[in-house]
Amino acid sequence: MMQEFDIDEKLADPADIATRNEMLANHARIARMRIEAESSEQPDIDENGVRYCLDCATAIPEDRITVLPTAVRCVPCAAARERIIKQRRTRGGINADGQAQGIG
């Protein structure tokens, strides 16, 4: 799990300031990677407008699409994918290309 931090906290130690700045940069990079990964995936929609999960090919419920119009996965697959990404992140699993290892 990522460490929580207060970005408004006044820090005197240069090492603490550098650590906080690095953590902020890492959070921003992870957020960018998520947005890029999600925006690059196109939904699988049939001729009737039914959207299917990219991982398990089951129909994504309309309620989920209403709440998350960009959804390309059903709730169980999205949760499983998030768990994998979280595990990679906690073990430093971002490779040199900035991609989460073992995802996809």
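Author: A salt bridge is a side-chain nitrogen of Lys or Arg within 4 Å of a carboxyl oxygen of Asp or Glu. By this criterion, the structure, which is a predicted model, holds 3 salt bridges.

The protein has 104 residues, and 17% of them are buried. Its secondary structure consists of 3 helices and 2 strands, arranged from the N terminus in the order α-β-β-α-α.

Let us start with R73 and E41. These two residues form a salt bridge in which the closest N and O atoms are 2.8 Å apart. R73 belongs to the loop between α2 (62-67) and α3 (75-90), while E41 belongs to the loop between α1 (14-40) and β1 (44-45), so this pair ties together parts that are 32 residues apart in sequence. R73 is buried, its relative accessible area being 7%.

The side chain of E41 also meets that of R81 in a salt bridge, with a distance of 3.7 Å from N to O. Here R81 is part of helix α3, whereas E41 lies in the loop between α1 and β1; the pair therefore ties together parts that are 40 residues apart in sequence. R81 is buried, with a relative accessible area of 18%.

R73, for its part, has a salt bridge with D55, at 2.8 Å from N to O. D55 is located in the loop between β2 and α2, and R73 in the loop between α2 and α3, so the pair ties together parts that are 18 residues apart in sequence. D55 is partly exposed, with a relative accessible area of 44%. Taken together, E41, D55, R73 and R81 are linked in a network of salt bridges.

A further arginine deserves attention as a contrast. Side chains of opposite charge can pair when their charged atoms come close. R51, in strand β2 (residues 51-52), is buried yet has no salt bridge. The side chain of R51 instead reaches the backbone oxygen of A71, at 2.7 Å. Leaving aside neighbours within four places in sequence, R51 is in contact with residues including P43, D44, I45, I60, P69 and A71.

Note on methods: Residues numbered from 1 in each chain as written. Predicted model: local features only at pLDDT ≥ 70, side-chain atom pairs only at ≥ 80, totals over all residues. Heavy atoms only, no water. Helix = DSSP H or I, 4+ residues; strand = E, 2+ residues; numbered from the N terminus. Buried < 20%, exposed > 50% of the residue type's maximum accessible area, 1.4 Å probe, protein only. Lys, Arg positive; Asp, Glu negative; His and termini not counted. Polar contact = N/O pair within 3.5 Å; in protein donor to acceptor, adjacent residues only side chain to side chain. Contact = heavy atoms within 4.5 Å.
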